[in-house]
Amino acid sequence: MPELFEDDGPSIRLTADELCALAEAREKLNKPVSRGVVVVMLALAAWLLYNAVRLDQLWIRIGQAWTLGVIVYLFGPALRPRRRDGISEPCAQFLVGQHEERQRGYREFRHRLLLFIPGIAASCWGGGPEAAAKARGLDPASWLYHFLAGPGPFVVAVATLGLVWFAFGKAAEKAGRDRDEVTGLMAHSR
Amino acid sequence: MDRDRQDALYVEASGANAAAMRRVARGYEANADRQRDLLQEMHLELWLSFRSFDGRCSLRTWVYRIAHNVGASHIVRARRMSSRLVDLETLDAGLPAVDGATQVEQRVSAAMVLELIHRLKPLDRQVILLYMEGESAGAIAEVTGVSPVNVATKIHRIKRMLREKYQEGGENA
């Protein structure tokens with residue numbers, strides 16, 4: 001058997017007070033990330049809100065307002081502090097919990113993605129992409145203008161959502177397989 | 001639980017198991033800087049965990065659970081890395097023979113085995129690390145939650161794998 005366990009690894013001496021300070025620092029460390037998410041969400045919300053108020057086409061306003069709601073619903077939970085539950089459980093149970101959490105997260109996100117479709121549909125139905133093309137001064141004879149004026153933007157947006165939906169489904173399946181693998185090892189334990 | 005008791009338990013547990021925690025950190029992370037960060041995370045989680053320590057298992061088992069769970073969480077989080085991890089069976093098939101004839105070669109072999117451990121999936125890694133700590137199959141089952149039958153099977157496989165590879169290496173030398 002090789003002498004793997006010689007004591008030449010890193011050494012750490014921490015007092016309880018230092019650990020307490022570390023725990024507080026870790027909480028603070030998450031705050032800039034949360035603030036960043038809040039700033040991006042607020043900017044996006046302001047832009048969507050501005051569009052919803054400024055534009056006079058009803059369907060575009062509905063679409064923008066709907067999308068705003070979905071974004072808050074989708075990314076709001078990301079602001080909740082993450083906790084490492086079950087850290088003192090036997091490792092297999094802890095891993096099962098981790099894989100289940102991953103799987104649940106992927107599935108929830110995947111289902112919520114579908115909520116974007118009504119907003120996109122309403123915006124496209126109301127001629128949102130064409131209005132944006134006009135606002136940017138695009139030549140009505142250009143291919144881009146034609147594309148934006150047609151069903152293209154809706155098809156591209158839905159296809160993109162479909163791809164993301166598929167990718168998250170695959171990730172959820174992988175997490176499920178990882179969980180089953182660990183569960184199989186626990187099967188005869190109790 | 002009051003803060004004094006939490007602190008006292010941490011001091012007792014970390015004092016008795018500091019070296020074991022270092023070894024666990026080494027089993028989950030090869031990079032020295034990240035190893036230090038991981039070890040610090042283990043100490044932090046250990047201290048926090050004593051808020052809910054109920055004494056239903058020994059301190060040593062508790063420390064191992066926390067350390068290994070933090071380690072497992074570390075490799076599960078690094079998804080690009082975790083997708084390349086393999087189980088014992090796969091590793092067994094791909095493990096090269098090593099020559100343990102001299103002390104220098106033993107150290108090289110040890111580094112190789114440690115490198116191979118870093119390629120294992122979390123539960124297999126936990127079993128092999130605990131086995132190398134000299135823990136019994138029962139103790140390993142208590143820490144990992146893997147059934148004793150599966151632990152025994154894995155230990156048997158680990159022993160056979162290492163013995164065969166070392167013998168092969170010795171004969172080839």
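A crossing of two helices is left-handed if the near helix is turned anticlockwise from the far one by less than a right angle, and right-handed if clockwise. The model is predicted: local features need pLDDT of at least 70, side-chain atom pairs count only at pLDDT 80 or more, and totals for chains, interfaces and linings use all residues. Residues are numbered from 1 along each chain as its sequence is written, and chains are lettered from A and ligands numbered from 1 in the order in which they are written.

In chain B, α2 (residues 32–49) crosses α3(B) with right-handed sense. Helices are DSSP runs (H or I, at least four residues), numbered from the N terminus. The two pack at an angle of about 130 degrees, and their axes are 9 Å apart. Axes are lines fitted to C-alpha atoms over the stretch in contact, and angles run from 0 to 180 degrees between N-to-C directions. The angle therefore makes α2(B) oblique to α3(B). Angles under 35 degrees count as roughly parallel, over 145 as roughly antiparallel, 65 to 115 as roughly perpendicular and the rest as oblique.

Leu38(B), Glu41(B), Met42(B), Glu45(B), Leu46(B) and Ser49(B) of α2(B) make the contact with α3(B). From α3(B) come Val63(B), Ile66(B), Ala67(B), Val70(B), Gly71(B) and His74(B). Contact requires C-beta atoms, placed from the backbone, within 7 Å.

Chain B has domain 1 (1–80) and domain 2 (85–173), with bounds from an automatic or database domain assignment. Contact joins 12 residues of domain 1 of chain B to 10 residues of domain 2 of chain B. On the domain 1 side, α3(B) gives the largest share, seven residues.

Technical notes. Contact = placed C-beta atoms within 7 Å.
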